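I opened the model and kept notes in the order in which I looked things up. The entries follow.

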Amino acid sequence: MGDGLIQFKKVTKSFGKNVVLNAIDLEITEGKIVGIIGASGEGKSTILKMIVSFYKPTKGEIFYKKKNIVKSRKILSKLFGISIEEGSFYETLSAKENLSHFGRLYGVKEKVLNHRIGEILHLIGLEAAEKTLARDLSLGMKKRLDIGCALIHNPSILILDEPTADLDPLLRKQMMGLIKKINSHGTTVILTTQLLGEAEEICDEVAILFNEKIIEEGTPARIKKKYKSSNLDGVFHKIFSDKNRKTYQESAEKKTKLKILEKGKKKKSLITNSDKIDELIEKAKEKEDSDSFLEEVKGAKK
Amino acid sequence: MNKSLLEIIHKNLITLWRSKFSTLAIIVVPLLVILLAGSAFNSAGLSGINVGVYSESYSSLTENILTDFEENFTITRFDSVEECSDSVKNSKAQICIIFPADLSEQGSSEEIIFYADYSRMNIAYNLIHGIESKISSKGSNLGISLAQELITALNSAKDSLPSQKTNVDLSKSNLADIEQKAVHNILLGEIENASIYLNSIYGSVNGSVVKNKINDTLEILESLNESNIEAIKNIGGIKNQSEEATLVLKELSDQIDILIANLQSVNIVDAENIVSPIKTRVESINSNSSNRDYLLPTIISLIALFGGILLASSSILKERKSKAYFRNFMTPTGDFTFLIGNYLTCLMVLIVQFAFVFLGIQYFLHIPLAGMIGGISLILFVALSAFIFIGMFIGYLFKSEETIIFSSVLIAAVMMFFSNTILPIETISSSFKNIAVFNPVVACDLALKKVISFGFDYSFILGELYILGGFLGFFLILSYVGRRITKKML
């Protein structure tokens with residue numbers, strides 16, 4: 001990666017005894033679309049939430065243009081816009097009211113707020129639905145509204161957590177178009193996804209998260225070349241090869257065990273869960289569709 | 001006020017307004033409470049009370065008392081003591097009274113017994129007091145009548161004693177005369193002289209006839225002398241008796257003097273003074289006259305308590321459950337601004353609520369509060385703020401809707417139980433009482449009472465305001481900490 005707009009230096013994040021990220025290093029380049037990919041529960045959302053200082057690193061430091069993000073949270077908060085998987089807006093406010101509300105909370109001046117709302121509504125394609133209450137919008141519209149809320153204060157960096165999750169193929173395509181459009185205005189986009197085809201299509205750079213670590217980062221082309229694969233699905237297939245399988249399984253079991261112990265559940269469910277993961281990994285070898293594989297892993301871990 | 005704060009309030013009000021049921025509840029529920037409480041408690045005494053009675057034999061006095069009772073209570077006669085006392089246990093009657101069979105104006109050897117359910121503490125004392133007053137009043141009337149007879153007799157004695165004393169004095173005087181006139185030894189010398197003379201002439205006379213006549217005369221004189229001696233003895237006895245009688249009469253006269261003096265010193269002329277020598281009168285310190293007026297500060301306090309806690313906890317829960325909660329943390333707007341924004345929204349809603357409540361009080365219950373609105377507003381502002389922050393803390397403390405609603409109601413109920421609402425706090429144990437005096441509901445209730453019932457100014461409610469202010473500050477800090485903690489739980 002080039003000059004890092006955001007830099008992770010030996011960042012570890014753990015919740016209680018459960019280590020989610022272990023001494024990761026990551027650099028995000030300005031003006032690019034960067035994808036963080038990995039299986040569910042690997043810590044993709046945790047990385048995003050650490051960038052916006054919602055979580056503090058347990059160890060290590062995160063910098064934005066050499067400024068420590070945690071120490072400069074208030075100053076830097078206006079530079080980031082975030083949209084999380086489940087959306088974050090008021091269901092009982094209209095699309096326009098949501099934009100207006102968050103615009104004011106971000107301190108957007110009244111003179112420019114109305115103009116900015118207009119721009120955002122146009123960008124996310126919700127002009128016709130500006131007066132519709134958020135709860136009455138379709139799923140795709142809600143996703144776009146959430147991105148609109150994240151963009152209302154004109155951030156330099158847009159962070160999107162699973163922006164295409166639960167969307168049908170048509171809406172997924174629309175969403176990717178929107179992300180490209182936003183990026184074309186100079187906004188750096190950091191997104192997470194489990195859909196490797198989508199990441200390959202949209203991202204300038206990707207970072208692959210596996211077993212608490214970033215195991216690969218760079219352009220999709222470079223990674224594919226390294227693993228001698230024609231697509232990222234193949235890369236994943238190789239990552240989940242026999243060599244890594246044991247490590248992954250042990251890690252998954254360890255994490256599951258910790259979660260179960262924390263919740264006071266019985267060992268029986270741990271065994272069942274572990275067996276299911278094992279079975280799914282076997283199935284993954286046979287399957288070409290890594291999307292479906294990852295969906296199943298996600299289901300098993302849940 | 002910064003723009004973010006205004007925006008938060010604006011958003012909260014829009015959200016609330018769009019929830020029509022919430023808006024309706026905010027306005028209608030407190031009004032209903034006021035109207036229902038106002039109508040229900042608009043009386044000064046007890047009504048609809050069933051009194052169970054039993055007596056082996058209903059005397060005329062008992063019947064008389066029961067006739068009096070029937071003006072206020074519903075009387076049910078039972079066939080035994082057990083039936084009567086059971087009627088209290090199964091709530092058919094609120095009190096059972098057992099009258100002795102021989103109850104009469106002259107009194108009774110047995111007592112009138114009350115069976116009351118003390119578990120209904122708030123009514124038991126009231127009821128016993130009410131009924132005892134009625135019976136006491138009847139007893140007093142009887143006592144007055146008896147005392148009046150006594151006074152009449154005493155007055156009659158007082159009037160007749162001086163004339164009796166005069167009679168005694170007259171008798172004493174008569175006896176003194178008798179004593180003086182009882183000369184008893186005058187004739188003795190003359191008889192003796194006559195005997196000596198006759199004996200002296202006896203030798204000088206001849207003739208038996210004359211001598212016989214002299215002898216006869218001497219015998220007569222002897223007999224006369226003996227009679228005289230006897231008479232003297234009798235007179236002496238009479239004199240002694242007369243002297244004794246004089247002494248007795250003197251003593252009687254003195255006693256009559258003392259009686260007259262004592263009777264004259266007794267100034268009671270009114271029988272009521274004997275029955276109730278000390279008169280009492282209870283003057284109400286309240287200018288109001290019905291239970292509703294006395295309860296008004298408490299009702300207002302309870303509306304503030306439940307309104308403040310429930311509205312604040314539910315609004316915080318709504319905010320926490322909202323999808324937007326995460327984004328709020330992402331904005332540069334600080335936690336304190338959100339906290340104050342939510343607080344001010346709740347306060348504004350409750351102010352609107354209380355505006356309706358006061359309009360209801362003014363126009364439906366006709367209780368004028370306009371003159372004291374400044375004091376009431378100050379108390380309510382501090383109390384509502386305290387209750388709102390307590391509610392906000394509950395909202396941040398728990399996660400689920402059920403727990404938050406349950407906790408809010410529970411905490412509000414505990415505050416209500418340890419206030420003057422159900423029983424005066426003086427009736428609870430001293431250790432709890434020492435805590436209960438710092439209960440914000442008690443403080444709010446007392447302060448409102450001072451202002452509404454007694455017309456006190458601000459200087460008299462400073463203590464209560466400090467307590468409420470303390471709660472306000474304490475729960476403001478706790479709410480802020482709670483908000484920070486919920487961020488970590490996202």
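**Chain A, overall.** I counted the secondary structure of chain A and got 12 helices and 10 strands; helices (H or I, at least four residues) and strands (E, at least two) are DSSP runs, numbered from the N terminus. Of the 302 residues of chain A, 43% are buried. For burial I used C-beta atoms placed from the backbone: a residue is buried if 20 or more others lie within 10 Å of its own, exposed if 12 or fewer, and partly exposed in between. Among contacts in chain A with a separation of 6 or more, 68% join residues 24 or more positions apart. A contact here means that the C-beta atoms of two residues, placed from the backbone, lie within 7 Å.

**Ground rules.** This is a predicted model, in which local features need pLDDT of at least 70 and side-chain atom pairs count only at pLDDT 80 or more, while totals for chains, interfaces and linings use all residues. Residues are numbered from 1 along each chain as its sequence is written, and chains are lettered from A and ligands numbered from 1 in the order in which they are written.

**Confidence.** I noted an ipTM of 0.77 and a pTM of 0.71 for the complex, as given by the predictor. Chain B has a mean pLDDT of 83, with 92% of its residues at 70 or more; pLDDT is the predictor's confidence in each residue, from 0 to 100. Within chain B, helix H2 (residues 20-40) is lowest at a mean of 73, and helix H12 (residues 373-397) is highest at 94. Where pLDDT is low, the predicted coordinates should not be read in detail.

**Strand S3 of chain A.** Is strand S3 (residues 33-38) of chain A enclosed or open? I found six of its six residues buried, so S3(A) is largely enclosed by the rest of the structure. In a regular strand the side chains alternate between the two faces of the sheet. For S3(A), one side holds Ile33(A), Gly35(A) and Ile37(A), the other Val34(A), Ile36(A) and Gly38(A), and all are buried.

I then checked its partners. S3(A) pairs in the parallel sense with strand S8 (residues 188-193) of chain A over five bridges, and Ile37(A) stands opposite Thr193(A) there. S3(A) also pairs in the parallel sense with strand S9 (residues 205-210) of chain A, over five bridges, with Gly38(A) opposite Leu209(A). Strands count as paired if DSSP finds at least two bridges between them.

**Cores.** Which residues touch the most other members of the largest nonpolar core? I listed Ile51(A), Ile159(A), Ile179(A) and Ile190(A), out of 79 residues. Such a core is a set of buried Ala, Val, Leu, Ile, Met, Phe, Trp, Tyr and Cys residues joined through C-beta atoms within 7 Å. Not counting residues up to four places away in sequence, Ile159(A) touches Leu48(A), Ile51(A), Val52(A), Phe80(A), Gly81(A), Ile82(A) and Ile190(A). Another core, of 65 residues, lies apart from the largest one and includes Leu16(B), Ile309(B), Leu350(B) and Phe475(B).

**Leu384 of chain B.** I placed Leu384(B) in helix H12 of chain B. Leu384(B) counts as buried because 28 C-beta neighbours lie inside 10 Å. Leaving aside neighbours within four places in sequence, Leu384(B) is in contact with Ala304(B), Gly308(B), Leu347(B) and Leu350(B). Phe306(B) is 78 residues from Leu384(B) in sequence and 9.8 Å away in space, C-alpha to C-alpha.

**Positive phi.** Ala23(A) has phi near 50 degrees, a positive value in a residue other than glycine. Ala23(A) is in strand S2 (residues 18-29) of chain A and is partly exposed, with 15 other C-beta atoms within 10 Å. Phi of Glu162(A) is also near 50 degrees. Glu162(A) sits in the loop between strand S7 (157-161) and helix H6 (169-184) of chain A and counts as buried, with 21 C-beta neighbours inside 10 Å.

**Chain B, layout.** I took the domains of chain B as domain 1 (3-43 + 290-489), domain 2 (50-145) and domain 3 (150-273); the bounds come from an automatic or database domain assignment. The centres of domain 1 and domain 3 of chain B, taken over C-alpha atoms, are 103 Å apart. Glu71(B) is in the loop between helix H3 (60-69) and strand S2 (74-77) of chain B and is exposed, with 7 other C-beta atoms within 10 Å.

**Interface.** I found 23 residues of chain A in contact with 17 residues of chain B. On the chain A side, helix H3 (residues 95-105) gives the most, with five residues. That side divides into 11 nonpolar, six polar and six charged residues; Ala, Val, Leu, Ile, Met, Phe, Trp, Tyr, Cys and Pro count as nonpolar, Asp, Glu, Lys and Arg as charged, and the others, Gly among them, as polar.
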